[in-house]
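Me: I'd like to learn how to read salt bridges in a protein model. Could you walk me through it?

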Amino acid sequence: LKAVAKAYPAVTTLRVKDALDKVNDILREISLAILAATSITLVTAILVLAGGLAASHRRRLYDAAILKAMGARDSQVAAIFLAEGLGIGIRGVLGGAMLGVGLCVFLKRYELIQLPEVFYDRTLPVNFQPLVYLLIGIVTLAIVLVACQYPCRRAAKFAPLQGIRVG
């Protein structure tokens, strides 16, 4: 390598191992940045959801009490609240998917993120994979269904007189 550099001073040489090490370092940093952004988004979503549920807790108990006073069974009350939670989850999944697709299209079109010269592609490659969006949506809705079970059952078991007094 040194002999080639001496014989051809205008030619720059670099070792492939060094270039690959640099690429791995950059990819590791990008992966950490994506993980951090995803974690922050997830924590924010959980806090917003918890805040929304806490704010509507009294109203939900009152609504459950009114439904039960009108003759609804526990299973019917639970099904109503579960359907409402699932509706919120579906709107969230669709909104998130549209935002994600929009961001992918934007980054692919305007190529804002520049990569170092080591890479063949000079901008961040964006690859839209519908199956990934579908799987994330399914997993998210499953989490929503599991998370809604306890509040739905609790509201369904609430005594009508106690709920009307609370409301």
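Reply: Gladly! A salt bridge here is a side-chain nitrogen of Lys or Arg within 4 Å of a carboxyl oxygen of Asp or Glu. The general idea is that side chains of opposite charge can pair when their charged atoms come close. Keep in mind that this is a predicted model.

Me: How many salt bridges does a search of the whole structure find?

Reply: The search finds 5 salt bridges. Let's start with aspartate 21, whose partner is lysine 17, with the closest N and O atoms 3.0 Å apart.

Me: How are aspartate 21 and lysine 17 placed in helix 2?

Reply: They sit 4 residues apart in helix 2, which runs over residues 16-55, so about one helical turn separates them. Aspartate 21 is partly exposed, at a relative accessible area of 33%.

Me: Which residue forms a salt bridge with aspartate 25?

Reply: That is arginine 28, and the closest N and O atoms are 3.0 Å apart. Here the spacing in helix 2 is 3 residues, so this pair is also separated by about one helical turn. Aspartate 25 has 37% relative accessibility and counts as partly exposed.

Me: What about aspartate 74: which lysine does it pair with?

Reply: Aspartate 74 forms a salt bridge with lysine 157, where the closest N and O atoms are 3.6 Å apart. Aspartate 74 belongs to helix 4 (residues 74-110) and lysine 157 to helix 5 (residues 130-157), so the bridge ties together parts 83 residues apart in sequence. Salt bridges with shared partners also join Lys68, Asp74 and Lys157 into one network.

Me: Is lysine 157 buried or exposed?

Reply: Lysine 157 is exposed, with a relative accessible area of 62%. Aspartate 74, at 28% relative accessibility, is partly exposed.

Me: Which residues of helix 4 are buried, and what do they pack against?

Reply: Buried means under 20% relative accessible area. In helix 4 the buried residues are Val77, Ala78, Phe81, Gly85, Gly89, Val93, Gly100, Cys104 and Leu107. The buried residues of this helix pack against helix 3 (57-69) and helix 5.

Technical notes:
Residues numbered from 1 in each chain as written. Predicted model: local features only at pLDDT ≥ 70, side-chain atom pairs only at ≥ 80, totals over all residues. Heavy atoms only, no water. Helix = DSSP H or I, 4+ residues; strand = E, 2+ residues; numbered from the N terminus. Buried < 20%, exposed > 50% of the residue type's maximum accessible area, 1.4 Å probe, protein only. Contact = heavy atoms within 4.5 Å.
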